[in-house]
Structure formats: C-alpha cells, structure tokens
Amino acid sequence: MTAIEVTNVTKEYQTGEETFLALKGIDFSLARGEFVSIMGPSGSGKSTFLNIIGLLDQPTTGSVSLDGQDVTELTDRRRTTVRKQTIGFIFQDFFLIPTLSAKENVELPAIYEIDETIRSRATMLLERVGLGNRLKHHPDQLSGGQKQRVAIARSLINSPRILLADEPTGNLDSETSEQVLDEFTRIARDENVAIIAVTHDPQVTEYTDRTIELRDGRLTS
Amino acid sequence: MNFGFLDERFPSFKLARRNLTRTPLRSGLAALGIVIGVVAIASLGMFATSLQVNAEDVTSETNSQVSVNPGPAARDGRLSERDVQDVGRAVPGATVIPQKQIQVPVSAGRDNSLERASVVGVERPDAYLEASEGQVPASFQSGVLVDSLIAETLEVEVGERVEIDGRSTRVRAVVDGGGFSANLYVPIQTVEADGYSSVIVIPPETQTANETATTIRERLNVREERVQVPNPDLLSGLISGFFDILRGFLTAIGSISLIVAGVSILNVMLMSTIERRQEIGVLRAVGFQRRDILKILLSESMLLGVIGGLVGAVVSIVVSLGVNYYLVDDAMLTFHPRNLGVLVIAFVFGIVTSIGSGLYPAWKAANEQPVEALRS
Ligand SMILES: Nc1ncnc2c1ncn2[C@@H]1O[C@H](COP(=O)(O)OP(=O)(O)OP(=O)(O)O)[C@@H](O)[C@H]1O
Ligand SMILES: [Mg+2]
C-alpha cells in the first residue's frame, strides 16, 4: 500500500525579482514499511522536498497524497491535524524543548490528548530506544546520540505511518549513527512505517531499501 | 511549588510556566513593571478614598442639620422674629435654633488673638453642640463655648478666659461644631444685633434634612424669597463628585506606569518569541495548531500579569495600611469597601495590560510558517 504519492511537484522560491525553481517536477511514491534515503548535493532541494511531503510547506504545482488522501489543498488547520496524526519528524539538530525532560519531550506531540495511555507509551518508547533510565533528564544532560533517540521516540508517540528524517545522523558519530539507523530499520520492519531519510552520509544507504538521488531539483534513481 | 494538577489540566499553562522560569530575571523584571503599575493605580486610588472618607466625616454632621439663611427679600439681610416662628410652624416637631452671628476681634492672653472671629449668639447650645471637653449648658447665661479649631488657634482650655470684643469671659466647653466650623458660642442676649443671621433646624425623626429644607422653602417663599435653605446633601454630593473626579484622575496617572509596564512586556515577549522561533516551529511541526501557540504565549503574558497584579495588590495594601495609619490614624480604612473596588480595578488593569501587550508577539509567532521558523 502506498503511504506517499507525489505527482509532478514543483517548488518556486521568490527572492526579490528572481524566481528560483528548487524542485522541477518530481514524481515519487513510497510504500508502507519501506525505508529510503534521499541523497544529493547541497542545495539540490532535499529539505524542500521533505518539507513538502511533511506538510510543513506547500508545492507551487503538483499534488501530494498521504495514505491515498490528497493533502495538497488543505487549510492550515487540517494540514496540522494530518501532520500530527500521520507524520513523525526527526531533525539534524534534534530540536528538543530544553525546558522539558526527556519523557515530557516525547509526550509533547500528544500533550493536548486526554488519552491516559500516553504516559506509559512515552516511557515504553524511551525504554525501547535504550533510554529507560533517562526519563527525567533534560536535553542538556543528554549526549547527542541520546538526544536523537529521544527525538525518535517523540516522532513515534502518535503512531505515525510516515517518518521523515532530515540528516538524522548529521550530528552523530558513526557508532551512534548505527544505533539510530538500526532503530529506523526496526521501525520500518516491525511497525510498517514508511521512512524517508535525507542524508549526505553514505553509511545510511547500507540500511535502506533503496536510495534516491536528487540533483538540481530533479530525481534520478 | 507543586503545579502538577494545573500542569496536567492545562498543558499550555505548563509550557508557559516553564518558559517563564527559564529566564527568571527577565520574567521577574517584566512582572515588576506590572507590580509598579498596579501599586501606582491602587495606592493613588486608595489615597483618594482616605481623603474622601476624611472629608465625609467632616461633612456628615452638618448633613443632619438644615441651615436657614436670609433671602434677598429679607429686611436688612436679617431674619425676623416672625421668620423664626414661621420656620417652626412649617416643620412641626423640628428643633429650631436661631443664631445671631457677628464678626468681632477675640484674644486669649497676650500672644493669641484673631482680628475677626465668628461669634454666634445662641439660646440652647445643647440642642446641637457636643462638648469634647467641659459641658454644654442647657441654660446658657454666661461664658463662652469654643470650637476645637478656635481652642487650638487661641491655645485656650476649659476654665481659661478669652476676650471677645474687649469683654473677658470664661471658656465653659470646647465643642465640636461639625464641619469646618470655627465659631465661639455665647449667650444670645449678649449679642447686640437686630434680627437673626441664621436659623439651624434639626429635622424631626419623620423627615430627612433634605425634605425639611424643601418644606421650609416651599412654606416661606410663597410670594417672595424670604429665606435661602441650601439642601444639606448638596455639599456631600459635590464632595463625592469631586472625589470621583480625583480618583479617576489619580487612576489615569497610575495607568501611565502600566503603559510603561505593557511596553516592557511587549518587549520581553517579542524577544522571547524571536529567541524561541525554532522551538515554536518544532511545536508546529509536531502538530500544535496556531491557536495552541497563541494559547501558550498568551498564558505566558497572562501569568506575568497575574503574578505582577497579585504582588502589586499586596504591596498596595501594605502601603495603604501605612499611609492610613500615619495620615488618618486609622490603618483599617484600607479595607474600606471602596478600596476593594480600587484593588480589583488595578488588578484587572494589570492583567489586561499584560495580555494586551502579549497579543501582538503571540499572534506573530502563531502565524509564522513552520518551515520558515525551522530554517533559522
Ligand atoms: N525560503 C527560501 N527562499 C529562497 N530560496 C530557498 C528557500 N529555501 C530554499 N531555497 C533554495 O532552494 C534550494 C534547495 O534548498 P534545500 O534546503 O532544499 O537544499 P538541500 O538539498 O536540503 O541542501 P542541504 O544539503 O545543504 O541541506 C537552495 O538553492 C536554496 O537556496
Ligand atoms: Mg537540507
């Protein structure tokens, strides 16, 4: 079953007088349980592409479907709801909230839910990424790898069907990267989650089902 | 402090609280602005209350009396024997006290004298005067009663002598003439004057002073204006009107400091939303709606306002206790019902100011595109 269906997507950036075409007609689809990496030189449009799939940004033309639902023309409110329910994000800089403990950070995307099981689920997710003994630690008390694993746990709290990672190993040493990538493989396999990881790191491709090249706004595979 | 319950019920409150405690000094200073504003408004307002209560004390006694004065039609500008009788007939059951007032020099000892003092001849001083020292005689044949103001000015006490227009006489009592009165009261037969300068009427139980005044005017001024009888509550009406204006004016002055506080909150919230731009982008990315962001940021400015307002209210009460203790000799005047209103208004102003100042930064942060915020 297709988790993501992207059809003929372009993205234009307007800077002053100039129009810059960052994505030049992209077709792409991804099945559930599939783990792909997107590689390509800096400035080729990888983050732009990921943000469009993740409903953080809108394409100039073309359409995006998630789980068979066209999400191109949604209002900000609906888009946010879909994003919350279907997508988990992992960033290069982790982006944890410094005032919250590891567990609170994991609970954050579900903070307005009345669901009582969220707390135990947060603990369970942290235990699964090997941080069962770091629940009360704040981000500044965690190492880079530990922070990224908290971020992974956070991205999974709402049981997303799609995981989007922008340079997830960019700030990690190779050993820690391996742990994180092992976790990705397990999530894709065991939980049937579609994962896209944007990366410069060739190590990542060893873990993925396929690798896609993005060059100058076009996909080449 | 344990906010567990609130945190669980209101996640926005929890995030807001954590954000404020992240930069305690900055938050403290922003709240301090509100404290100062609230204290300014509240203590100025409460100060007006103290003044007002003081003034009302002074006027309340004259409120229960009606003063009948000669009208334009009165002969020689004095009231006649017939006028006095008619006043008595107009209000059966009232106590009618005719007065003969003259302005003459008075002195006590060698050092204290007044060039012109108001000397009032009266027959039954016990009907409307109360002694704070000595005794007010029922049958007034000799001696003098002085208002406390006069007693202070001339530095005389009961038993000592004062000279009125050259005639020496003994002080029998210091009285509280009510209001700002500064009179010396002497037996009426000792005042050489035709007619009466005024008549004091103490209304019967069945009538208010205002009704009595109206009755007298209606009965005596049928053909011509024989008497002038001001409504006793006119003065207190004027006074309370004046104090309402004064309070409004002082509140307005206090509000200026709140505006300054508002600007400082605006500044703090703008700074903090700019610093937290990425963080807010993350919140949006993980599914926080625009209104959730708005809620969190408004909770922050509201919290600043509530804390500032509460501290401000407490400080104002302490200040007012002091002011009232030293100025009016009655610290408990602080808890006058009117002050409750003043405190509530100051507190509400404080909160409204903080929320108002937080509105723009919150709106700005909530409406930013998540991609833009994350990129920074
Ligand atoms: N908001 C924007 N306004 C104008 N141009 C933009 C904007 N965002 C991105 N671009 C341009 O679009 C192109 C693609 O940017 P993008 O961030 O997707 O690259 P990337 O492949 O993720 O690069 P990197 O590997 O360095 O992260 C770049 O040339 C960039 O300058
Ligand atoms: Mg990028």
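Colleague: What makes the 4 strands E2-E1-E4-E5 of chain A an open sheet?

Modeller: In this predicted model, the strands stand in the order E2-E1-E4-E5, with antiparallel pairing. Strands here are DSSP runs of E with at least two residues, helices are runs of H or I with at least four, and both are numbered from the N terminus. Strand E2 (18-31) and strand E5 (69-70) of chain A are at the edges with a single partner strand each, so one side of each has no neighbour in the sheet. Residues are numbered from 1 along each chain as its sequence is written, and chains are lettered from A in the order in which they are written. Local features need pLDDT of at least 70, side-chain atom pairs count only at pLDDT 80 or more, totals for chains, interfaces and linings use all residues, and side-chain values use heavy atoms, without hydrogens and water.

Colleague: How do you know that strand E4 of chain A is joined to E5(A)?

Modeller: Two strands pair if DSSP finds at least two bridges between them. Strand E4 (residues 61-66) and E5(A) have 2 bridges and run antiparallel, so they pair under that rule. Leu66(A) has Gln69(A) as its bridge partner in E5(A).

Colleague: Why are H5(A) and H6(A) called roughly parallel?

Modeller: Helix H5 (residues 144-156) and helix H6 (residues 174-191) of chain A pack at about 15°, with axes 9 Å apart. The axes are lines fitted to C-alpha atoms over the stretch in contact, and angles run from 0 to 180 degrees between N-to-C directions. Angles under 35 degrees count as roughly parallel, over 145 as roughly antiparallel, 65 to 115 as roughly perpendicular and the rest as oblique. H5(A) and H6(A) are therefore roughly parallel.

Colleague: Why is Gln228(B) called partly exposed?

Modeller: Its relative accessible area is 38%. Buried means under 20%, exposed over 50%, and partly exposed in between, with a 1.4 Å probe and protein chains only. Gln228(B) therefore counts as partly exposed. Gln228(B) is in strand E10 (residues 227-228) of chain B. Beyond four places in sequence, its contacts (heavy atoms within 4.5 Å) include Ser67(B), Val68(B) and Pro70(B).

Colleague: What makes a set of residues a nonpolar core?

Modeller: The set consists of buried Ala, Val, Leu, Ile, Met, Phe, Trp, Tyr and Cys residues joined through side-chain atoms within 4.5 Å. The largest such core has 72 residues, and Phe28(A) and Phe288(B) are among those with the most contacts inside it. Helix H3 (residues 24-63) of chain B gives the most to this core, with 7 residues.
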